Every structure is written in structure tokens, then in C-alpha cells.
Amino acid sequence: MRLSCPLCGPRDRREFYYYGSDDYLNRPAPDAQPEAWDDYLHLRDNPAGELKDLWYHELGCGQWLRVTRNTVTHEVLQTELVADRKVIRR
Amino acid sequence: MRIGGKGLIDRTKPVKFLFDGRAYGGYRGDTLASALLANDVRLMGRSFKYHRPRGVLTAGSEEPNALVEIIGTKNQTPNVRATVQEVFEGLNARSQNRWPSLRFDALGINDAVSPFLSAGFYYKTFMWPRAFWERIYEPLIRRAAGLGSLSGRHDEGLYEKAYAFCDLLVIGSGPTGLMAALTAARSGADVILADEEARLGGRVLADDIMVGGKPGSDWVAEVKAELTALPNVRIMTRTTVTGAYDHGTYGALERVGLHLRARANLPRECFWRIVAKRAILASGALERGIAFPMNDRPGIMMAGALRSYLNIYGVAPAKRVTIFANNDSARASARAMIKAGVTVAAIIDSRADAPMEDGTIVHAGAQVTTTRGRLALREITVRKGGEDILIETDCLGVSGGWNPTLHLTCHMNGRPSWCEERAAFVPQPGAVPGLFAAGAANGTFSTHGCLAAGHAAALAALSDLELRPASVMLPEAEDAPYRIAALWAVAGKGRAWLDLGNDVTTKDVALSAQENFSSVEHMKRYTTQGMAPDQGKSSNVAALAVLADATGRSIPETGTTTYRPPFVPVSIAALGAGGRGTGFAPQRFLTSDQASRDRGAPMIEAGLWYRPSYFPKPGEATWRESCDREVMMVRETVGVADVSTLGKIDIQGADAARFLDFVYSNMFSTLPVGRVRYGLMLREDGFVLDDGTTARLGEQRYLMTTTTAAAGLVMRHLDFVHQAFCADWQVRFISVTEAWAQFAVAGPQARVLLNSMLDEPVDLPFMGCAPLRIGGVEGRIFRISFSGEEGYEVAVPTRYGEALFRDLVARAETIGGGPYGMEALNVLRIEKGFITHAEIHGRVTAFDIGMNKMISAKKDCIGKAGALRPGLVGPEREQMVGLRVSGDKGLVAGAHLFTHGDAISRVASQGYVTSVCWSPMLNQWLGLGFLKNGRARHGEKVRLVDHMRDVDLICEVCDPVFHDPNGEKLRA
Amino acid sequence: MRYSGLKVITEGLFGNKGWKPAWRNPEPKATYDAIIIGGGGHGLSTAYYLAKNYGLGNIAVLEKGYLGSGNIGRNTTIVRANYFIPGNSEFYSHSLKLWESLEGKLNYNVMHSQRGQVVLFHSDGQRDLAARRGNAIVNQGDDAEFMSREDLREEFPYLDYEQTRFPIYGGLMQRRAGTARHDAVAWGYARAADQLGVDLIQNCEVTGIDTEGGKVVGVQTTRGVIKAAKVGIVVAGRSSQVAAMAGMKLPIESHVMQAFVTEGLKPIIDSVISFGMGHFYISQSDKGGLVFGGDLDFYASYAARGNLPMLEHVMEAGMTLMPMIGRAKILRTWGGIMDMTPDGSPIIDKTHIDGLFLDAGWNYGGFKAVPASGWCMAHLMATGQRHEVAARFRLDRFRLGQIIDEEGTGSQHNLH
């Protein structure tokens, strides 16, 4: 399994650490209801198909990537830097 | 017997080898199977379940019968295919799964009682009496089952792993693969050509095919010479591509030294990870059998294998051969045998319209209905038009047709499709992205078809690779059509084997259908069809055809089981190469490592690091004596410890303070420059992630310290928080753990020791930090303490670490101090009530450790909302407490705590102990632990129970800070 | 038909012609009292205990493929009760007790074999944690004992006690732990449930869950609409998809976990052995194959197949721990789809829809749980009350922070 790091190019999966769905990017406001935090921390769409998830190029550039991937075929459709997102204010 | 003038073995290189203790001769280039056949040895194994005598069935890695143990000087290798193992001088092979001998096997009794051992019989019995299962039935079954045996000794062999990268991986070097490799290589692609066999050529050699008007072996030699000369080609023989994985990754096993006499530095095998932009599967096809009654005797083999043995090894397996087939391909075997001077008794062709054959009797529309011969085939019965014909024969070459070797195309869940015309499954295009099946692997069986398919597949790959194809001429070759009329099983008295490896017969498949195990997966799992070492390579398709018949469905409706990696069994040692001994994980050494070892300190694993346990002095008999002395040394004079394993992260930028406020639960923006603060870090779910001290080195610069265990985790966490939530903040950070060597200098004489080395005396308040010059080296000093004594940590660039440690220790010793190790460090911190990951073990909250107030109310931080959840606070939670008891009986970590007088049960458990020590200072046992509502229970006597080490005692609950609760010593 | 040794002999004498189907192939009825979605181990045991313990006769199990086609047939077959967090302790303890009488109850030899399992530890800290675990197990009423390095050397002489990267300090042994024949568990429950009148309907995929006024009324399937007032979702591996049909989002992420088996070998590894410093656990099946596994591949996946990094890691762990297995050859590798929850523990609970129940989130520990999971799910479906040994497996525990986290790794699904 290989992922293409936007900074480093195609690299073996061994270089990456996996976190989970990119839901982890959508941190609720500090005063959000418990349900919003529950949703953020625990609940997942968990699709059998296209998923955006988070990978850390730990043995490379130290960048977190958002990868668009098919969870059934493992096809990788897109990789982008998490830091390149339009920054969401906490 | 050996046939003169045939074969590619090197007759100038005779070798001697042993089989079951008897010496035989062969030639270099022989496999064990070919050499044994040349010596007229036909009995090579015993079957798995019925222990029936078995001979070799095939000439390749798909062999189900001829599995042997190879005996080395130090170890043995079980389940080696005699058809793959090449002979070398001194090779020592032994038959397996038999006792006392191959010719007489006591468990042959199983064959006599086979009616009671039908598919799945064991699910229906051995249930009574219950205790008999583990004691009697199961041990008997286990002893009878299994095939070869491991020695139980460590495998000391050398194994390797490697990566390779290419534009095009060509799997298989028959006509398709050679043509594909040649086309791609001439066009400039980086090509890897891998073949399982020792020689390139595949069926070109095995079938002795004419290519381009010359003998196939000449054509192969020419192509090989050209490929070998090209710098962009890597030829890998004896290399089986074992699996297709994601994104163009393939696993491959190279038999580096298995065909040679063992040498010290000769690897046995190498497991390759090949990353290929494109791949061509040119793996050919595997011949399949026909399930006729008693079709398992030694001497019954694949018709194609007869040609392989003759043309590659110059061996005829018998004197009088018969052929039984349902397709044209087996005719070539008959012709080759006759040409080699072997008698062909008859060709039995199940097709009513079977073509005739010059000079050979052909029984068209006939079937073999039974066979005879105990340890070797002697005679067969053929039924033709209601009439039985007896044929004396010592070899029966069978061909039930050909299955494309499409396994790799299914490794990523692809399903093959059924082709009625070929009576076979063919690969689903695109099932593995970037992999194209071509030639026989794709159902094209003529040589011309294969050459053309290999060429075309290479052109397609070149186009994907954007390489301009060079011109390649297709050589001329036969282009015979493949004619077959499916025949899977022959009815009749007696058992008809499908899976020879697991002794599965047509009756077993029928029984599974009768019992409604009628899905193909149920049938497989109930009968064990296809689960033997050959994974049903020559039997799965026939088995599902028999199942389809039994259940009244078509073959496509019945479906197939899944082909999974590896294509051939791969040794654990090859896949795990490098893991042996200390190779399993990296080793991290402190700069003081050698200095500690010089002083006799036992080094212990701390994560990936090695740290000194204690520093024994002459006369100290136990670790405790050393530890107690080191503890008192720190409390009374001064001790030096290497603390460089702690994670260090240099954080800089205009928003550094703001960032730390966000990742720590407490405030860091208010920390003055030149000061250090203890910080508590939470996970987003509110539990404690880590703790440590962070120093403010400048207005926009901090140095964070993490625990040893969490150094990597915290770095990853910081990167995430920054990039995900505040990428626009002006903050950057980097791990500097390995850039600095850092030493704790602790004890009442710490300042004296340091002042003896420094140009200017130390003048730091508690929790202060400053730059430092020591022996001309720029460093840092922090006044922090993990022992409760006046303590400093001195940091210098790593390259000065060892020198500084040696100097510090030497000077400490002149004033009654010295080095201390992990054991003393642990005692000192327990006495002071400081936590480690023994306490913050991932299920602990700030509330539990009495630090809820450190979650600042003034700001948001990671984990703040999570920590407010009702389950994370409250009296029902176990809170950290101190525990103490006087006397000899020690506390033990891992023990559970109970209210005095309660019965011992899970429900009654009030908590547990996390850390314990003997305190030489307080002369009692101390512990840290967690107790329900513990902070309200100081002074209570609780019962500590440890069933594991038989400890049961009463101890007192107290505040976790045992030593200097007001911190007077720290601030001295 | 009752199975026995005598029956095997009499049938053998008469050509094995008399064996009856292990279960029927019924056509789905229009209405059932209860429907179990999922014909895996947990679904089949739920159906069996609903019929057996609560006398429900009119039950259907709907299976989209063949019975036992999920993780019940893809695991490493280990049965143990060595958990230490309340919630898990009592549940797995109950399950182990059910295992111990399973064959007699089902009249099916599932080859449950109490060969023992030892979990090795490799540092003082790990030893203390193992002690805490062992004490929790004994407090629960189950068995656990410490084995010293010397004890281990005697019983498992082939471990590498000298050169390994992480020295073996000792082990925590549970003698009542062991293995079972995984497929047979599904078949045994299926046959027993069928004999109690449960309709096992294969090749019947549920495509929708019908509700009216907050109550479940039935399901849509590839074989038509089937009505029922009680529906249990027992489809670990596909829980998120089926729950989504009822508008639910679950605290589950699906991951692939690989397992491995070698060619058959004569008996050499008697107990289940777990390495404490890498992801590696091994046993030897009655057929002779070494069966072993590791950890997740760590990325979300429904592919039921894995990749080389974890496979190689597991083999490397094997080589550092017991290099004598080096010459054994991996015959087959496969993957299962794991319902990973944020605390590594399962869910057996009601849902926001009346009559709709959920049994999910088995992470990679579902096999040993099969008997108790069915037992407790049946209790929940029949009585509407959580069974006392599964009372903590609540769906809302994550929101409330009442988590059951054996690993202590927190709310990251793949770390459990």
C-alpha cells in the first residue's frame, strides 16, 4: 500500500500513521452541547466506499494529510495537506 | 528411469542425496522428485487423513502429494515440495506423516475405517464424556493430523528482505512472459522478470515446443541472453510472486540458497516487496485431474507433468504409460513418451468424438473406472460402451483440462468469470489495478496465442507508461485450438479423490450437499476441500463442479471460493526476516550508555531505550541494596542520572504561548521568561495524555518536555492540533530529543557539585531556567526536580553527553555522591508522590489524580469539553492515593484494594495499586494507587490482595506525597 | 437427528446415506415475532437463545450470504476470559462458562479445547499490569496464575529466552482459556436453532428497516418485505450500514485485521501464546496448522484483505519470540472487517427506535463472546431489559464518558 504525500511523493504505507475519519477536523465550539462532542469524538459515517481520512507522514515530513480513499477497493483518489485547508476557527 | 538425450539437467554434474536414509544419485538441475523418479522411486508420501500411499502428481509448486522434510545439519524444514526442491550434493530428505516407515504406516488403519471418517464426522462425535475431549480424543486427533514436523529448535538460518522498484513486473517466463519482457525491455522500460522455476522458459521447455522454427530451448536461450545484456532488466529466477497488494505492491519469495549446500553467509530465502507501475501476469495454467475411483495411487499423475519430467529432467516415470484425458493437450504426452521409447498402452479419451492417434490405441468415449496397485499403480479398468477393459500400466497420465493460473488476480477480492468453452475460470480484467493477465493465465493456450498475448500486453503497459514501443517480431509457433469436453468425475465403486492433499473425495462433497452445506464456502469448510498445502490448485474447480452437480446448479451459480495470498506457502522466517533476536525493534542508547556499563549497571529496556537499572558497588548482593544506597545518596548528598530519554520539543513563534495554552490544560502564556512550569496535557476525550515541564526560553520560545513513553505521541499530537486547528498561527516546533543530552543532578549537594564545574555559580530559583556554559560548551540548566530534593537538569548537545556524565559522576563521587539508576529514580519519585505512566495509564482523568484545578477555567484547551463528561468526574471514580505499610511484608503493584472486612470479589474491589517501593528513608513500604473516593479516605486501613503473588495485607491510605509535603527541600 | 459416536458408526456402515440436512432452507414467512439481521455467530446464538431461553418460536435469521460468512469464519479461534475492566470482566466470564457446556447443549462438537493461554510480559511495568489483570480475573471468579520465566521455560522451551529484543519476564496464564473450531460454532448454533424452529434464511439481504411512529415494524429484503415487531441488528463488520437504514450513526469505524495459518504440522504448540511487546498470538489447530494473528492494518477498510506491513510485523514478532517457527510456511492469509469502537468494548443495547436492538462493536474480540452475546442480546430482545452481565455495553456510554477501555488508548477507534 502506498500513499502520495503532496510534499514527498509516493511513499510506502509504513511511513504513515493513521488516525481516522476527517471528522476529527471538525472540532466543535468549546461550549457546544455534549451531543456535538459525542458526534465529534465517537460517531462515524463509516462508509463502505469513499472516505476522507487522516494520515500523518510520521517518518517523512511530519505533515498531516487528508486522503480521499475508497474503503472497499483501497483506491486513493486524492491526498492533500490538512494545513492547506481554509482554516476553521476554533 | 532416465532417458538418454533428453532433458536440461547437467549430466556432467552428478550429485548424491539421501531419501529416507538411502543414498541415490541425480544430476545438478534435478528436483528431488525428478531424481527419485529417475531412480524408480514412486512412493513419496502418505496422505493427510487416510495415510494412503502417494506418489508425485505434478512437476511444480502445486504438488499436493510429494511433501517431504529436508534435514539440515542444525534444523529441519517440513512440507517441502519434492517437485520444487532441487537436489544438491548431500541433500537429506525424509518422508513425513508416517510411522514407522513410508512403506508401512501404522495409521494406514484409517483407510480401512474410512466409512466412519466421512466429511465432518468429528463434529458429530467425541462429545461424551465431556472431559475426554481434551484428555483423550483431541490429543489422538492432533497426533494423527499434521504433516511434517518442526524440530522445536530456533531457526538459525539466514533470511533477507528487500525492496525493488520497476516499470513493469513480468510474472512468469513462458512464451507469454518472455515475449512481454522482451518487448518492454527493448522499449526501455525497467523490467523485472520473475519466474518460480530455476530456468526461464516455462512450458516452452516443458513441452519442448518449436519457436521461430527452432527448438524452444534455443529460443529461450537467445531471449535470455538479450535480456541479460540489457541494463534495464532484472531477471529473478527461483522467485515466486506470492501476492498482489495495494497500489502496485507485490510480494515475492526468492529461494536464494535452498538449492545449494548450506553455507554460513548464504541466505536461505529473500522476501521481496516489488513496487511495479504495471505488471503482466504470465503465470500460465495448471492442469487439473479427473475424479475417477481410486485415482490417488502412486503412478497416477498429471499428463503435463509427464512432459515436464521428460523434457526438463530426462526422466520417464514408468515403462508402460496410459493416458486418460478429456482434451487434446494430453496427446502431446503420449507422443513424447513414444518418441522417448516408452510404451503407451492406450489413450483413454472421454470424448466420444475423440480424434484417433497414429500408432496408439485410443479408447474414445471411455473412462477409467478403477485402479489397482497398493504402493504403486499396476492396473486400471476402463469402461467403454458398457464394457470393462483391463489395462496393465504403471503410470496413468491424467488431464482434466487446464485452469489459468489466475490466483493473483483474485488477491484483491476479484472474482474470476466462468468460460464455458474452455471449461475453466478466466481472470476478471482490472481485478488488480495495473495487473494484466495474458497468455495461458488468461485462457490462451496455444504457443502462438501466448507469444502474441505477451507482446500485446507489453504494448498496453508501454502505452500506460508513455514509452514508445520498439519493434519486436513475433516468432512462429503452433496455434492449435484448445478442444475440451468437461469431465469432472467418473461414477463408480470406490472413492474418487478431488483434493489429494486433504483426502477429500467426491462422496465428501456430495455428503456436504446432502447435509445442506451447499454453498461453496460451506462445502469447502465442511469437507476441508482446498485447505491443504496446495490450496486446491489442482482440485478446487473440479470440486465445485461436483458440488454444482450435487445441488443442481451451474458452475457460475455455484461460484468459487476466494484465492488468497500467498500463491505458494512462504516461510515465516522469510516474511519475518530481520526480526530474529534483537532485530525486532530499534535499540536506542543514551550517550552515557557505555559509562553506565563500565560501572557494571544492568541496562533495562525502557520503551526502545536502554537505561541503567542501578549502579552496583562492591559488596552489594542485590539490586535493593544498591537502590537503597542510591536513594539515600540523593537524599543526603547528590546523585546524577541520565534523563535524556524524556521527549524535548522546541517550540517557537509569535503564537507559541497561545499554542501551549491550547495544548496544555493549564496556562503557559503567563509563564515568565526564564521559568519552568509543570504542564498537564489531555487527550481530546478528556483523559490525561501526558505531563511534563515546559520552560520559557524567550518571549517566543519554549522548550517542552514529555515523558519518555509519550515523546512520539505528543509530537504527533502537536502536529495535528497545529495543522488541523490553527495552521495559520505563527508557531513552529521540532523534536530535539536526540539533540540534547540531559542529566539530573539532585540532592542537597547538587549546587556544590555544579558550582565546582561552572564558571559562574548557579543562581536559579526553583523552577527557573537559564543558559549555561560548561567547559566552553553552550548548554542549558533547569532547576526542576523529580526526586523532591534540590535538583537541576543540565543539558548539553548530545556529542558532549558522555564526557559531561563521566565528569559529573566523578566529581559527585568526591563529595559522597554518585550515579543513580532507574530503580532509585522510581523510589525517589514515589516518595514524592510524582506520577508516571504507571499512574496516567490512559484511563485516568485530571480529577482522578487531584489535578482537576489544572484545567484552566480561563481558556479552551484540548480535552476540556471531554473532561467535563459525567463519567470522568465523581466520587465513584478511583482517585489517586498513597498507601503505606510497615514491616517486612511488601506492597505489590497490580494488587487490588478492598474495604476492610469485605469479601474478595470483583464487585467489592475498591481500587488497585500502580507503583510500590521500599522507602529506605521512611523505613516502610510505600505505594501509589487508585481507590474509590480515595481522597476522602486518608487514614483508612484497606486490605490489599494479590492472588498472583499471594499477598494479603492491611495497609493505610494516605496522601500520595510522602516526602517533604511542603516542598521546602525543593526550594532550598 | 441427534449426533453421537454410535450414529457416526451406524451411518458409516450404511454408506452415510442417512445424514439429514443440518438445517432447513425455509422460504421467508410474511411475519415473525422477531427478526435477527445477520447469520453470523452472534446472530445465530441470539436466535438460539431466544428460542431456547425465552420460548420464542417464530423467529427468523436473515443472512445476506451464507451462514457464518463473516468474522465467525475468519478469526484466530481464541476463547478466553481475561479482561480486567468491570463490564468486560463479568461478560466474558459468563461467556466462558457457556462455552464449557456448549457441545452438550448444541449436540455439536465445536472442539472447544481448554488448552490454556499465556500472555507474556517483558518488563516490571508490564508485570504489574498483568498482575492487576490477573487479580481482576480471580476476583471475578475465573482462573489466572503467574508463570515465572522458569515455569515458562519448562512448558514452552522453544521461546527465545536469551536473544530476544524484549526479554521474557514471565506470563499470565489462564488454563481455562483455549480455542474452538470457529465454523463449527456457527454451524452448531444454526443447527440447534433450526431444530427449535428458527427459520435460517440465507441469501436474503436486508435493504431497509421499516418503522412507524418510532417503532420498528419490519424489514425490506432482497426476498421481499418481512414484518416483525422486534428486530435485532447483529451484523458486526457491517453495523454502520445496517444501522444507517434506521437513521443511526454509530460509534464505529470499520477496520481490517489479518490472520494467518501455516501448513499442517505435527503437534508442537500446545497452548495459546501471546507476545506482550508486539502484536502476535499463536495457537495450533487440531488439524496441525499454526493459527496466528496480529493487530489491525490500522486504516479504515471493508476490503477483508490486508497489506504486507502488518503481515511482516507479525512474522517478525514471531521470529523474535519463537524462532523455531521460522521453517513453518504461511499457507493462507486473510482479513476480517472489525467494528472498532472508541473504547474497544462492544454494544448490546436498545436503540432510539422501539423494538430495534443492536449487538455490535465487537472490535476483534467477538469470537469468544459468541455465546454470551447471543445470551444477552436474546435477553434484551425478549425482556426489553439489559442483561446484568452486559449492562455496561450501553450505546450512550461514550457521550456519558462511562467508557470500558482495556487498552487505555482513548477515543481513537483503531487503537483498541
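B:Pro566 sits in a loop of chain B, between helix H13 (555-558) and strand E31 (570-571); here helices (H or I, at least four residues) and strands (E, at least two) are DSSP runs, numbered from the N terminus. A cis peptide bond links B:Pro565 to B:Pro566, with omega about -5°. This is a predicted model, in which local features need pLDDT of at least 70, side-chain atom pairs count only at pLDDT 80 or more, and totals for chains, interfaces and linings use all residues. Residues are numbered from 1 along each chain as its sequence is written, chains are lettered from A and ligands numbered from 1 in the order in which they are written, and side-chain values use heavy atoms, leaving out hydrogens and water.

Let's stay with chain B for a moment. Another cis peptide bond joins B:Trp128 and B:Pro129, with omega about -10°. B:Pro129 belongs to the loop between helix H2 (109-112) and helix H3 (132-144) of chain B.

Next, look at two backbone angles. B:Asp20, in the loop between strand E1 (10-19) and strand E2 (22-28) of chain B, has a phi near 50°, a positive value in a residue other than glycine. B:Asn933 also has a positive phi, near 55°, and lies in the loop between strand E49 (924-932) and strand E50 (941-946) of chain B. How exposed is B:Asn933? Its relative accessible area is 32%, so B:Asn933 is partly exposed (buried means under 20% relative accessible area, exposed over 50%, partly exposed in between, with a 1.4 Å probe and protein chains only). B:Asp20, at 33% relative accessibility, counts as partly exposed too.
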